[in-house]
Amino acid sequence: MTIKLVGSTSGSVSLQAPASTTGGAHRLITLPDRNQTGLGSILQVIQAVKTDTASTTINRTSDWVGHGLSISITPSSASSKIFITGYFSLGIDNDENIFYKLFKGGSVITAATGDADSNRSRVTGCVPVRGDQEWVVYSLPINYLDTAGSTSSLTYTPAIGVSSQNNKTIYVNRPQGDVDNQNYARAISVLTAMEVAA
């Protein structure tokens with residue numbers, strides 16, 4: 001059976017059912033409206049932007065969360081998915097591998113790290129850098145789809161670390177060098193949290 005919707009001035013749109021369904025079952029398809037909150041709908045979007053600079057000294061045992069970039073969201077349902085996306089703009093004073101672990105409520109999200117493998121570090125993501133390029137700002141991408149698990153406020157924070165056992169100075173939103181000319185940029189770092197109906 002086909003239903004044809006005729007345009008007010010010209011053209012038409014036809015809705016046609018499949019020839020059959022599994023076991024002859026009746027199926028219902030609900031078309032979204034402006035207030036639709038069905039599966040996959042984006043229920044809310046929150047963004048945090050850090051525009052100022054920060055720096056600290058860290059090593060492979062550090063989980064630096066005092067950099068000033070985190071985001072809080074209060075889900076409407078515990079079953080909702082929370083999509084965390086964004087990037088960190090970073091500089092460092094030596095050749096290094098910068099990584100992050102995604103924290104939720106002050107603890108690492110284990111499912112957002114690589115599998116355990118002897119003494120190897122379990123991290124969410126990383127980027128290699130060349131510390132001898134003192135004017136370069138590196139972008140560390142952040143992406144993860146979490147399950148809310150609660151309707152209380154949830155705070156997500158990328159915890160920054162480096163691979164070296166030696167202390168390294170790391171900079172947010174600026175390169176390691178700080179010369180007053182246009183080769184030395186100032187950047188921003190961004191986190192976005194989206195609640196997705198599930």
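What radius of gyration does the protein chain have, against that of a compact globule of 198 residues? The chain has 23 Å, whereas such a globule would be near 16 Å (taken over C-alpha atoms, with the globule rule 2.2 Å times the number of residues to the power 0.38).

Before you click on, note that this is a predicted model, in which local features need pLDDT of at least 70, side-chain atom pairs count only at pLDDT 80 or more, and totals for chains, interfaces and linings use all residues. Residues are numbered from 1 along each chain as its sequence is written, and side-chain values use heavy atoms, without hydrogens and water.

Switch to cartoon and you will find 13 strands and zero helices (DSSP runs, E of at least two residues for strands, H or I of at least four for helices, numbered from the N terminus).

Next, select K101 and D63. Their side chains form a salt bridge at 3.3 Å, N to O (a side-chain nitrogen of Lys or Arg within 4 Å of a carboxyl oxygen of Asp or Glu). K101 sits in strand β7 (residues 96–104) and D63 in the loop between β4 (54–58) and β5 (71–73), so the pair ties together parts 38 residues apart in sequence. K101 is buried at 18% relative accessibility, while D63 is partly exposed at 32% (buried is under 20% relative accessible area, exposed over 50%, partly exposed in between, with a 1.4 Å probe and protein chains only).

Now move to D117 and R120, another salt bridge at 3.3 Å, N to O. Here D117 is partly exposed at 41% and R120 is exposed at 56%.

Finish at D178 and R186, whose closest N and O atoms are 2.9 Å apart in a salt bridge.
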